[in-house]
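Student: I'd like to go through the charged residues in this one with you. Can we take it step by step?

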Amino acid sequence: MRMRHSIRFKLTAILIVTILSIVAVAAFVNFTFAESFYYQSEQDNIVETYQKVNELFNNVDSNTADSDTENELWQITQKSNIRMVIAQPSDSFYGVEILYNTTYESGKIFTTMTKYLQEIQNYTVFGGDDNTKEIVEKLETTGYVINDSRNHFVGQKDITLFGLMDNGYLVAMQIPLESMQNTVRVFSKFLTIIGALAIMFGILIMNIVSRSFTRPIKEMAGVAEKMRELDFDARVTKITPDELGDLGICINDLSSKLEQTISELKTANNELRKDIDKKVEIDDMRKEFISHVSHELKTPIALIQGYAEGLKENISDDEESREFYCEVISDEAHKMNKMVKKLLTLNEIEFGQDKVHIERFDVTDLLNNLVSSVKILAEKKNVNVIFHRQEPLYVWADEFMIEEVLSNYISNALNHVTDNGQIHIYFKQKEKDVRICIYNTGEHIPEEDINKIWIKFFKVDKARTREYGGSGIGLSIVAATMEAHGKQYGVNNVEGGVEFYIDLDTTL
């Protein structure tokens with residue numbers, strides 16, 4: 001399992017490593033180059049001091065030198081932290097006469113510097129060793145010589161300058177380097193302490209600072225976690241005026257767009273599912289249609305085939321029998337034609353091919369025409385058809401479809417009404433609808449079949465249906481038409497007979 005570290009931990013670790021690296025590099029540079037740099041600086045310092053002293057004595061007459069000159073000389077040496085001895089040539093045994101001295105006269109440093117000045121002066125008079133010769137030659141050439149040597153008296157490393165001033169004075173200057181070495185050591189300790197304090201202070205500051213920008217990162221991580229769980233209500237609330245704020249705005253926009261996209265995908269998926277279900281339903285309807293048609297057409301085709309073969313083989317010689325055979329064939333063909341037309345109408349309605357065209361028309365006038373068209377059939381069965389309204393009543397619907405529905409209801413009533421019975425057509429006004437009821441006297445529909453009569457090819461009494469040539473499709477057309485209109489339809493067993501009804505809009 002991979003080890004996980006927070007951003008705060010990483011930032012703090014980076015800060016500590018950075019500070020340690022800076023301290024280490026500074027310490028390395030200090031130990032490696034500080035002493036050389038300091039030594040070169042002190043060399044420049046001692047040469048600059050020599051030049052100041054030389055200039056001072058050029059402007060001062062040796063006969064008139066006073067305490068002011070000595071004070072000025074003292075200030076020069078104090079500022080530069082240099083020990084200095086100035087002497088002039090003398091005819092005495094020692095060869096020089098000390099004029100100025102900033103060292104302790106009884107000290108070893110004074111004794112050493114004076115000794116070298118004497119040797120330089122004596123060399124010009126008596127000669128001497130090669131070392132003194134080399135110093136004198138440099139003095140005559142450049143005016144001064146710098147000697148970096150170990151002071152055997154005090155055991156320390158010094159920078160010593162021996163100079164010959166323009167007025168003939170000899171000068172010896174010395175800078176002890178022990179202070180430099182101490183300074184390097186002190187600075188190293190100081191750098192270590194500063195580094196430790198910087199690390200502790202950096203950790204404290206980094207904890208405070210990192211918390212200020214890791215907080216919005218944690219919030220963004222929480223929002224992203226909720227988005228992963230498909231919860232798009234969460235939003236980044238802490239929008240800072242920086243790159244993290246831009247990221248928070250992007251996450252909020254991403255959440256909104258994901259929510260919208262998923263919503264659209266769900267809608268499309270739902271529509272696709274409906275289309276698939278519709279396709280399956282249509283496929284099932286086709287299979288059912290083929291099965292029912294083949295079943296319903298089997299009997300009339302068999303009758304037509306049988307009677308046609310009988311005519312062909314002259315089974316009956318008398319004219320009346322042949323006439324009967326022809327009537328049967330014609331009647332069965334008429335029934336088949338009527339059933340096929342109704343099936344085509346039903347399929348157009350169920351598949352949505354026959355669009356509903358809403359218009360305003362007088363349903364009273366429509367029913368008067370239908371009652372007139374079945375008047376002869378009703379009289380033949382001694383059935384009394386009574387329409388209980390003559391005043392106009394306007395409704396909103398597809399007039400041709402509603403005509404087919406009411407025609408099927410009236411035909412169904414004529415086929416099932418008792419002999420010498422009655423058919424009543426009447427209205428029941430509702431709030432915005434009118435209920436058109438068609439009642440016929442006769443037997444009730446069995447309760448177990450009352451919801452099945454709307455199914456294609458369903459027949460409650462198959463023998464009787466066969467007798468009047470019914471196909472079991474008319475009520476299916478009623479159901480499909482009214483569902484296309486989005487209105488109620490149904491049937492009730494009432495006292496003395498059966499009542500069929502549909503609802504239509506009287507207002508928009």
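Student: Is aspartate 505 buried, partly exposed or exposed?

Tutor: Bearing in mind that this is a predicted model, aspartate 505 is partly exposed, because its relative accessible area is 24%, and buried would require under 20%.

Student: Which side chain does aspartate 505 meet in a salt bridge?

Tutor: Aspartate 505 meets the side chain of lysine 487, with an N to O distance of 2.8 Å. That pair links distant parts of the chain, since lysine 487 sits in the loop between α12 and β11 while aspartate 505 belongs to strand β12, 18 residues apart.

Student: And lysine 487 itself, buried or exposed?

Tutor: Lysine 487 counts as buried, because its relative accessibility is 19% and the cut-off for buried is under 20%.

Student: What about aspartate 433, how far is it from lysine 487, N to O?

Tutor: The side chains of lysine 487 and aspartate 433 form a salt bridge at 3.1 Å, N to O. Aspartate 433 lies in strand β10 (residues 433–441) and lysine 487 in the loop between α12 (474–485) and β11 (489–494), so this pair ties together parts that are 54 residues apart in sequence. Both of these residues are buried.

Student: Where does threonine 506 lie, and what does its side chain reach?

Tutor: Threonine 506 is in the segment after β12 (497–505), and its side chain reaches the backbone oxygen of lysine 432 at 2.8 Å. Threonine 506 is buried, with a relative accessible area of 16%.

Student: Switching topic, how many salt bridges does a search of the whole structure find?

Tutor: The search finds seven. Salt bridges also link Lys430, Arg435 and Asp503 in a network, and in helix α1 (residues 7–58) there is a pair to look at, glutamate 48 and lysine 52.

Student: How far apart are glutamate 48 and lysine 52 along the helix?

Tutor: They are four residues apart, which means a separation of about one helical turn, and their side chains meet in a salt bridge at 3.8 Å, N to O. Glutamate 48 is partly exposed at 42% relative accessibility, and lysine 52 is partly exposed at 42% as well.

Definitions and conventions
Residues numbered from 1 in each chain as written. Predicted model: local features only at pLDDT ≥ 70, side-chain atom pairs only at ≥ 80, totals over all residues. Heavy atoms only, no water. Helix = DSSP H or I, 4+ residues; strand = E, 2+ residues; numbered from the N terminus. Buried < 20%, exposed > 50% of the residue type's maximum accessible area, 1.4 Å probe, protein only. Polar contact = N/O pair within 3.5 Å; in protein donor to acceptor, adjacent residues only side chain to side chain. Salt bridge = Lys/Arg side-chain N within 4 Å of Asp/Glu carboxyl O.
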